Structures are given as structure tokens and as C-alpha cells.
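This briefing concerns aromatic contacts and strand pairing. Please consult the sequence and the structure shown here alongside the points that follow.

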Amino acid sequence: MDRRSFVRGVAGGMALAGGQLLLPRSLLAAGLPSGALESEELYALAGKQPLIKRSFRPPNFETPVAQFSDVITPNDRFFVRWHLASIPQLDPREWRLSIGGDAATQPFDLTLEQLQRDFEQVELVAVCQCSGNRRGLSDPHVFGVQWAYGAMGNARWKGVRLKDVLAKAGVSKDAVEVEFNGADSGALEATPDFVKSIPAWKAMDENTLIAWEMNGEPIPHWNGAPARIVVPGWTATYWMKQVVSIRAILKPATGFWMAKAYRIPKGKFSTVDRFTSQETAENTPITEIVVNSLITSVSDGQKVKAGAPLVVKGIAWDAGFGIRSVDVSVDGGRSWQSAELGTEPGRYSFRPWQYVCKPSPGRHVVSARATNGLGASQTDQFIFNPAGYNNNVLQRIGIEAA
């Protein structure tokens with residue numbers, strides 16, 4: 001996968017110089033460390049609008065904040081996240097999904113046609129968010145892909161319930177976890193295969209899907225075609241792309257991406273959905289998406305008219321417990337006012353909100369704070385963990401009113 005293969009489909013009128021799309025810095029995500037900012041470029045993958053490049057190999061591209069003005073993130077603007085560099089182009093007609101494992105009594109294979117024909121088709125709207133979203137904003141700085149605000153998207157997913165497929169395989173009640181593998185592979189033989197698992201009880205949740213459609217269209221190649229796992233409310237590390245194997249297992253998975261990666265210090269975060277079979281005395285796998293919000297209509301350094309109505313819009317989301325309220329401050333957090341909540345297309349979805357104010361002359365700092373149905377709210381300061389996960393620190397956006 002070379003650099004040239006990424007730079008396609010660029011909209012007319014946008015200049016490319018050495019593969020870099022030359023656009024104003026204001027269109028890119030701000031707030032990153034200087035080194036990460038210097039490497040920010042917009043590139044158009046095949047079938048995608050220009051996204052913010054974080055790495056070419058493996059491909060990691062994030063959605064610009066302005067694209068979150070709509071609750072549903074279009075497929076061609078949806079972020080791209082892969083761990084391994086070799087990503088095959090799969091022919092949907094040739095794709096096969098193997099269902100088995102030592103906790104399955106009747107293993108079998110599925111074609112895409114059988115997946116679409118032999119099981120009840122269901123739809124739901126859910127946020128797919130990289131565990132490391134906002135890692136680049138961590139203070140102190142941490143290692144990893146330097147994501148800003150856009151390693152996420154909200155889509156309408158269509159597919160079948162994972163539990164229905166597992167039932168056909170005769171999965172034992174003694175199953176501890178369900179393990180997924182995709183068709184991608186590492187550039188080097190020594191690279192650990194990207195294999196993930198979820199607790200058996202989560203696999204049996206009616207909202208956990210094997211999805212083949214995204215926003216009314218076949219899932220794009222860059223987002224895991226022809227089928228991927230959807231685990232609503234949990235971070236995207238479990239949303240296996242290009243899934244080719246599902247195994248119900250009697251013992252906890254022990255691979256690198258479970259035993260070593262995607263873990264947070266135990267007791268650091270309040271978690272309802274615990275992954276107890278993978279917990280140690282020191283750490284636990286990341287699971288739920290923490291409550292969060294994003295301001296989409298106002299950008300840092302923006303100049304506005306003093307005394308005129310300013311509409312501050314944004315989105316809020318969490319692990320599915322529901323957004324109870326969003327409060328907005330225009331004075332750096334000294335005082336807060338309730339925003340108006342919009343309609344959400346499902347409990348795992350982004351929920352829109354807006355607040356109207358009339359800023360007085362001078363500089364103002366705009367922030368939003370979401371609170372979910374459990375009473376959990378965003379934090380004022382980063383809760384440090386070595387991988388920079390669960391960053392839901394309040395935004396602070398400076399504007400000038402004159």
C-alpha cells in the first residue's frame with residue numbers, strides 16, 4: 001500500500017503539493033502538540049472526502065470537526081483506523097465467515113448472501129469511537145497515534161445479531177469469551193495478528209451485531225467491508241473490521257492485543273460494563289465510551305459580533321446510558337447555562353444540542369459539559385493513563401467579540 005494509492009478522489013479546485021492537500025490550518029483540528037500539528041495534512045483516500053492524515057501505514061485518518069455538524073457521519077467522511085498494514089481488497093462474493101471455537105458444538109461457515117438471508121436483519125445507530133480519540137490532546141503527552149477530536153463517527157448499522165449466529169453454532173453456556181479475527185495482516189511475520197475478544201455476555205447482547213451495511217450502503221473498504229463487528233457503547237477496538245473468524249472460547253484470550261494492549265489502570269475510571277475475565281490486579285481492558293461532548297459550530301480564535309446572537313452547537317454521547325444534560329459556559333467555566341437538547345436516533349448515538357448567547361465585547365472562552373443518565377460528567381483535567389484513553393476533558397475555545 002503506497003502513498004500514491006491514498007491520494008485519490010480529491011475534490012476539484014483543491015491544490016496538491018507533493019501529495020499534501022493545501023488547506024488553511026483552521027480546517028484542521030487544533031490543540032495538538034507542535035510536532036503533531038506540523039505533520040497534519042488532509043488526504044483523500046479512494047472513496048473518501050479529504051480526511052486528516054495521522055499515518056499512512058497502517059492507514060489512520062480522522063474526520064475534521066466541521067463534519068460533525070450532522071448527527072450521522074457520512075461514509076465518505078468517516079474516520080479510518082487500522083492496526084496492521086496489509087489490508088486486502090475482499091470480494092464480497094468470495095468472503096467467508098468461519099464460526100466455531102472450543103465452546104461451539106456445531107461450527108459452520110457463512111457467505112455474505114447467507115448472512116443477509118438466513119438471519120433476522122436489524123438496524124441501530126451507534127457511535128464508533130477509537131479508544132485513543134483525543135490522545136494528542138493529553139497533558140502530559142503520551143505515546144501513540146496523535147488523534148485530535150475526529151477519531152470517531154456515528155452511523156446507522158445494519159446486520160444480524162451476533163447471538164443469533166452463535167446460537168446456530170451451538171455455543172455452550174460455559175463460553176467465557178467470543179474472539180474475532182479479521183483479514184488484515186502485519187507487514188512483518190513477527191507482527192502480532194490483530195485478534196480481539198469480548199465477554200460472552202456482551203456477545204449475547206441483542207445490540208451486538210455482525211454488520212454489512214453502513215448508512216444504507218455496503219460498508220466501505222476502509223471501514224471494514226464486507227462485514228464488521230459492531231459493539232455499541234464500547235470503544236472501537238472491539239469492532240473488528242473485515243471479520244473472517246468468530247470463535248466462542250472456554251478460556252480468556254491471551255494474544256497481545258488483549259493481554260497487553262488497550263488496557264487502563266484498574267480503578268482509574270468508573271465502569272459499569274467490566275471485562276472481568278481479562279482483569280489483572282493492576283489493569284483492566286478499556287470497555288465503555290466515557291461521556292463526552294464536542295462543540296462543532298465555533299472554532300478557536302473565531303471573531304463574532306458583540307451583542308448579536310451566537311448559536312453554539314455541538315454533539316454529546318456516552319456508552320448508551322443517555323445524555324441527561326449539556327451545560328455551556330462562555331466565561332471560562334465560571335458560570336454554566338443549560339443547552340437545548342435535540343432528538344437522538346438511539347441511545348448509542350450522538351445527541352445534538354445548542355445554546356444561544358449574546359457575547360459582550362472582549363475575549364470569551366466557550367466550553368460545553370455533558371452529563372449522562374448515571375450522573376457522570378466530563379472532567380476538567382485529563383485523568384492520566386499511559387495510553388491516553390478516555391480523554392473527555394472539557395473543550396476550551398477562545399473567541400473574540402467586537
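A charge is taken to sit over a ring if NZ of Lys or CZ of Arg is within 6 Å of the ring centre and within 35 degrees of the ring normal. The model is predicted, so local features need pLDDT of at least 70 and side-chain atom pairs count only at pLDDT 80 or more, while totals for chains, interfaces and linings use all residues. Residues are numbered from 1 along each chain as its sequence is written, and side-chain values use heavy atoms, with hydrogens and water left out.

**Charges over rings**
- Arg-369 lies over the face of Trp-336, at 4.1 Å from the ring centre.
- Lys-168 lies over the face of Phe-108, at 4.8 Å from the ring centre.

**Aromatic pairs**
- The structure holds 16 aromatic pairs (rings of Phe, Tyr and Trp, the last by its six-membered ring, with centres within 6.5 Å; planes under 30 degrees apart are stacked, over 60 edge-to-face, the rest tilted).
- Phe-79 and Trp-147 are edge-to-face, because their ring centres are 6.5 Å apart and their planes stand at 90°.
- Tyr-262 is buried at 7% relative accessible area, and Tyr-389 is buried at 5%.
- One aromatic cluster is formed by Phe-78, Phe-79, Trp-147, Trp-157 and Trp-239.

**Strand pairing**
- Strands (DSSP runs of E, at least two residues, numbered from the N terminus) pair if DSSP finds at least two bridges between them.
- An open sheet of 4 strands has the order S19-S21-S25-S24, with antiparallel pairing.
- Between S21 (residues 310-317) and S25 (residues 351-357) there are 7 bridges.

How values were computed:
Buried means under 20% relative accessible area, exposed over 50%, partly exposed in between (1.4 Å probe, protein chains only).
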